[in-house]
Amino acid sequence: EEVPVGAETGGLVATAVYVDEGSYVRQGQPLVQLNDTLLRAQLRQQQAQVQTAEANLARDDAALARSQELKERGFLSQASLDTALANQRASAANLAAARAALAETQTRVDQATIRAPVSGLISSRSVTRGQIVQAGSELFRMVRDGRLELDAQIPEAELRLVRPGMGATIVSDQAGQAGGTVRIVTPQV
């Protein structure tokens, strides 16, 4: 079962390629590192924006609490209280937007390290160090869990002798002998 491995984010340079054809990798193992310097700078900037938004919200929460207290005592107009409430809601919205932008950039930073989606054998590699990687481009092809699947044809008369789950032995002049299990028997003749 082949699994293509591609990049989810694009326009970044491959700074390191950790595996080659024939390597067996575990799920989650790093395969390629893309240049994430700019993304990390954006991440730090957005972390600062979240801190600023948190400070603004704390300030506006305190101002709203003071405004509500003054309104209850009769020292503040309803319009001033409405303004304080609007400022507090705007600060809360700004904080939510800053956190969303931070989460997006964190995801892009995480995507700059391309990891094996499953455990298996790397059967082909099409990425090199220094290459600009585009989003969606296939960088590797893997054989899931190192398993190979053979689409074998058998004579019609022997079709009834083969059942899913049966053991099978494949013999090849080049590869020798390999054991396996019948996964499926299609009804096509």
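This is a predicted model: local features need pLDDT of at least 70, side-chain atom pairs count only at pLDDT 80 or more; totals for chains, interfaces and linings use all residues.

**Surface and overall shape**

I started with the surface: the protein chain exposes about 12,500 Å², and carbon and sulfur atoms supply 49% of that. Accessible areas here are Shrake-Rupley values with a 1.4 Å probe, and for residues only the protein chains shown count as cover.

Residues are numbered from 1 along each chain as its sequence is written, and side-chain values use heavy atoms, with hydrogens and water left out.

I then listed the elements and found 2 helices and 10 strands in the protein chain. Helices (H or I, at least four residues) and strands (E, at least two) are DSSP runs, numbered from the N terminus. Read from the N terminus, the order is β-β-β-β-α-α-β-β-β-β-β-β. The radius of gyration is 29 Å, well over the 16 Å that the globule rule gives for 189 residues, so the chain is more spread out than a compact globule. That radius is taken over C-alpha atoms, and the rule is 2.2 Å times the number of residues to the power 0.38. Along the principal axes, the C-alpha atoms fill a box of roughly 95 × 45 × 25 Å.

Buried residues make up 25% of the 189; buried means under 20% relative accessible area, exposed over 50%, partly exposed in between (1.4 Å probe, protein chains only).

**Helix α2**

I went to α2 next, residues 78–111. Its 34 residues reach 49 Å from first C-alpha to last, close to the 50 Å expected at 1.5 Å a residue (the expected span is 1.5 Å times one less than the number of residues). Which residues of α2 are buried? I noted L81, A84, Q88, S91, L95, A98, L102, T105 and V109. An α-helix has 3.6 residues a turn, so residues three or four places apart point the same way. The cover over the buried residues of α2 includes α1 (37–73) and β5 (113–115).

**The core**

The largest nonpolar core has 29 residues, and L31, V32, L34, F140 and M142 have the most contacts inside it. Such a core is a set of buried Ala, Val, Leu, Ile, Met, Phe, Trp, Tyr and Cys residues joined through side-chain atoms within 4.5 Å. α1 gives the most to this core, with 5 residues. I clicked on L31: beyond four places in sequence, its contacts (heavy atoms within 4.5 Å) include V5, V25, I114 and F140.

**The four-stranded sheet**

I traced an open sheet of 4 strands in the order β1-β8-β6-β3, with antiparallel pairing. Strands pair if DSSP finds at least two bridges between them. The edges are β1 and β3, each pairing on one side only. β3 (24–25) and β6 (120–125) share 2 bridges: V25 stands opposite G120, and Y24 has L121 as its bridge partner. On to β8, which 5 bridges join to β6; there L121 stands opposite V143.

**V185**

Last stop was V185, in the segment after β10 (176–181). V185 touches L159, V162, R163 and P164, not counting residues up to four places away in sequence.
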